[in-house]
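Please take a moment to look over the sequence and the fold below before reading on.

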Amino acid sequence: QVQLVESGGGLVQAGGSLRLSCAASGRGFSFNVMGWYRQAPGKQRELVATIARGGTINYADSVKGRFTISRDNAKNTVYLQMNSLKPEDTAVYYCNAKYIYIFTNYNSWGKGTLVTVSS
């Protein structure tokens, strides 16, 4: 019913920037919280940033001051602007959206987009 499609990953040198986008499809859904998580090789998936429909934002300490999350509610799209990238930011980045449908909470994930930061 809901699909999340990420774009914008790629290879960048340390200190560079990338912008990720995630569009959520599905008519009639209201996405309460949208965000980004990442998983590096051999590590568990971790939160990067989330943004609530009303604008409340949460960042992981490791990305504060470097990454900026934003969303366009009309387009059901969430963005992640990543600046001053470091090699340790290398990971698969997953889009996430939480929503309620017929009184049931759902948690949807995208397929992921790879971000590689070279030193």
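Does Thr68 count as buried, partly exposed or exposed, and what is its relative accessibility? Thr68 counts as partly exposed, because its relative accessibility is 42%, where buried means under 20% relative accessible area, exposed means over 50%, and partly exposed lies in between (1.4 Å probe, protein chains only). What you are looking at is a predicted model, in which local features need pLDDT of at least 70 and side-chain atom pairs count only at pLDDT 80 or more, while totals for chains, interfaces and linings use all residues. Residues are numbered from 1 along each chain as its sequence is written, and side-chain values use heavy atoms, with hydrogens and water left out.

Thr68 has its place in strand S7, where a strand is a DSSP run of E of at least two residues, numbered from the N terminus. Between the C-alpha atoms of Thr68 and Met34, which are 34 residues apart along the chain, the separation is 13 Å. Strand S7 belongs to an open sheet of four strands, arranged in the order S1-S3-S8-S7 with antiparallel pairing; two strands are said to pair if DSSP finds at least two bridges between them. Strand S1 (3-7) and strand S7 (67-72) are the edge strands, each of which pairs on one side only. On average, neighbouring strands of this sheet are turned by 15 degrees against each other, direction ignored, with axes taken as lines fitted to C-alpha atoms and angles running from 0 to 180 degrees between N-to-C directions. Strands of a sheet pair through backbone hydrogen bonds, either parallel or antiparallel.

Strand S8 (residues 77-82) pairs with strand S3 (residues 18-25) in the antiparallel sense over six bridges, and Leu20 has Leu80 in S8 as its bridge partner. Six bridges also join S7 to S8, and these two strands run antiparallel. Tyr79 in S8 stands opposite Ser21, and Ser70 likewise stands opposite Tyr79. Because five of the six residues of S8 are buried, this strand is largely enclosed by the rest of the structure. The hairpin of S7 and S8 has four residues between the strands, and in this hairpin Asn76 takes a positive phi near 50 degrees.

Other pairings involve strand S4, which pairs with S9 in the antiparallel sense over eight bridges; here Val33 has Lys98 in S9 as its bridge partner. Six bridges join S4 to S5, and these strands run antiparallel, with Glu46 in S5 as the bridge partner of Arg38. In the hairpin of S4 and S5, which has six residues between the strands, Gly42 takes a positive phi near 80 degrees.

In soluble globular proteins, nonpolar side chains tend to be buried together. Cys95 is found in strand S9 and counts as buried, because its relative accessibility is 0%. The C-alpha atoms of Cys95 and Val33, 62 residues apart along the chain, are separated by 11 Å.

The lining of the largest pocket consists of Arg38, Gln39, Ala40, Lys43, Gln44, Glu46, Glu88 and Thr90, where a pocket is, on a 1 Å grid over the protein atoms alone, an open set of points where a 1.4 Å probe fits, with protein on both sides within 12 Å along at least five of seven lines, and lining residues have an atom within 4 Å of a point. Finally, two loop residues deserve a look. Most residues other than glycine have a negative phi, and most peptide bonds are trans. Ser84, found in the loop between S8 and S9, has a positive phi near 50 degrees. Phe103, found in the loop between S9 and strand S10 (104-109), has a positive phi of about 65 degrees although it is not a glycine, and Phe103 counts as exposed because its relative accessibility is 82%.
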